[in-house]
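Trainee: I am new to this structure. Can we go through it step by step?

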Amino acid sequence: MRLLPISQCAPGMKLAKKIFSEDGIVLLSNHMELTTRLIARLEQCGVQYVYIEDPRTADVEVAPIISEDTFRMAIKEIRTSFREMMDRPKHRKGVTYPYIAQPFKNLMNSIMDDLSNHKDAMIMLMNMGTVDHYLFQHSLNVCVYTTLLGLSNGYSREEVMTLGMGALLHDIGKTQISTNVLTKPGNLSVNEFEMMKRHAQLGYELLKDEPNLPLLVAHCAFQHHERLDGSGYPRGIKGNEIHDYAKWIGLVDSYDAMTTNRVYRAPMLPHDAMERLYAGTGTLYEQRMLQLFRDKVAIYPIGISVKLHTGERGVVVDLNNSYPHRPIVRVLYNEGGEELKVPYEVDLSKQLTVMITGVNDEDQNVPLVSGI
């Protein structure tokens, strides 16, 4: 399979992975042949990348970081609970609302079980092939990425449970922000930005009195936009005043926001987002946290098209866990752009003089329909 930008997809190509709706329902099955209408519809829904079948990379598989059952359960639970939160201000006072702690704890147990069974798992982009409300998908992404980091960092299961719950609910305050502000396609006005910044405080207020939910979870919502140098919000606290859990969540929140499609901009690719994060080393983010994060992120995801410094082009077909920035590339085209009759693979962790210089070159619009 290949990972292609939707802009490079063409009629006749076939999906290699399913496309899910916001309810976790399969909208398009794998092996579905794309048409001009389907491609346009996916673009309208904000899908930026899809996995496409390609006979030259038919043996390449991308294992999901969590199981499909866990993914479906997560999307359903997040969507139901967050939408109920969105409706709360419309109800009269005195109404009893369902508590959110237990269903989310059940979800966290499933996520931790999945990740514990794949201790060497790398952080792969999760927003591929999902048509969903940004807040719901973002909350799940940040939860999964942060939970994986917590496990890798050596936290106990109880600690990871609290960290993961904090990540899952870090943006719950946005359920109290006007939809017009949340989904505005252009830049926010000063007043709108101040309104948006209130979500950290609102999240804390929503969570602090929830039964069976550690108060630290509420503080994760409160502090996830605070930064080491005091430039964050809502309180502008610094360094050790910020809890480590909130620091982890703030780092992952920034990464996922950059690599996820937004109404006002296209997503960055992982290597670009990582470079942006590293610019904040020691001022915005802890260096030790960035280093662990870098070591767990698939900077060049499996299936993505890359250009080597030699001019050759190919596809990332596997990762090196010890060197995530040096994947294994299957070279498909020579430096002149001619398709190789016999592709070959280059392990960049061993061929240290070979460098990746480009990703998803627009002129690499090559046919992927079987038999062509």
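Trainee: Is Asp244 buried, partly exposed or exposed?

Mentor: This is a predicted model, so the value is computed from predicted atoms. Asp244 has a relative accessible area of 26%. Buried means under 20% and exposed means over 50%. Asp244 is therefore partly exposed.

Trainee: Which residue meets Asp244 in a salt bridge?

Mentor: The N to O distance in this salt bridge is 3.0 Å. Asp244 lies in helix H10 and its partner in helix H12, so the pair ties together parts that are 44 residues apart in sequence. The partner is Arg288.

Trainee: How are H10 and H12 oriented to each other?

Mentor: The axes of H10 and H12 come within 11 Å. They cross at roughly 50°. Angles under 35 degrees count as roughly parallel, and 65 to 115 as roughly perpendicular. H10 and H12 are therefore oblique to each other.

Trainee: How many residues apart in sequence are the parts that Asp54 and Arg2 tie together?

Mentor: Asp54 forms a salt bridge with Arg2, with the closest N and O atoms 2.9 Å apart. Asp54 is buried, at 4% relative accessible area, and Arg2 is buried at 1%. Asp54 lies in the loop between strand S4 and helix H2, and Arg2 in strand S1, so the parts are apart in sequence by 52 residues.

How values were computed. Residues are numbered from 1 along each chain as its sequence is written. This is a predicted model: local features need pLDDT of at least 70, side-chain atom pairs count only at pLDDT 80 or more; totals for chains, interfaces and linings use all residues. Side-chain values use heavy atoms; hydrogens and water are left out. Axes are lines fitted to C-alpha atoms, for helices over the stretch in contact, and angles run from 0 to 180 degrees between N-to-C directions. Helices (H or I, at least four residues) and strands (E, at least two) are DSSP runs, numbered from the N terminus. Angles under 35 degrees count as roughly parallel, over 145 as roughly antiparallel, 65 to 115 as roughly perpendicular and the rest as oblique. A salt bridge is a side-chain nitrogen of Lys or Arg within 4 Å of a carboxyl oxygen of Asp or Glu. Buried means under 20% relative accessible area, exposed over 50%, partly exposed in between (1.4 Å probe, protein chains only).
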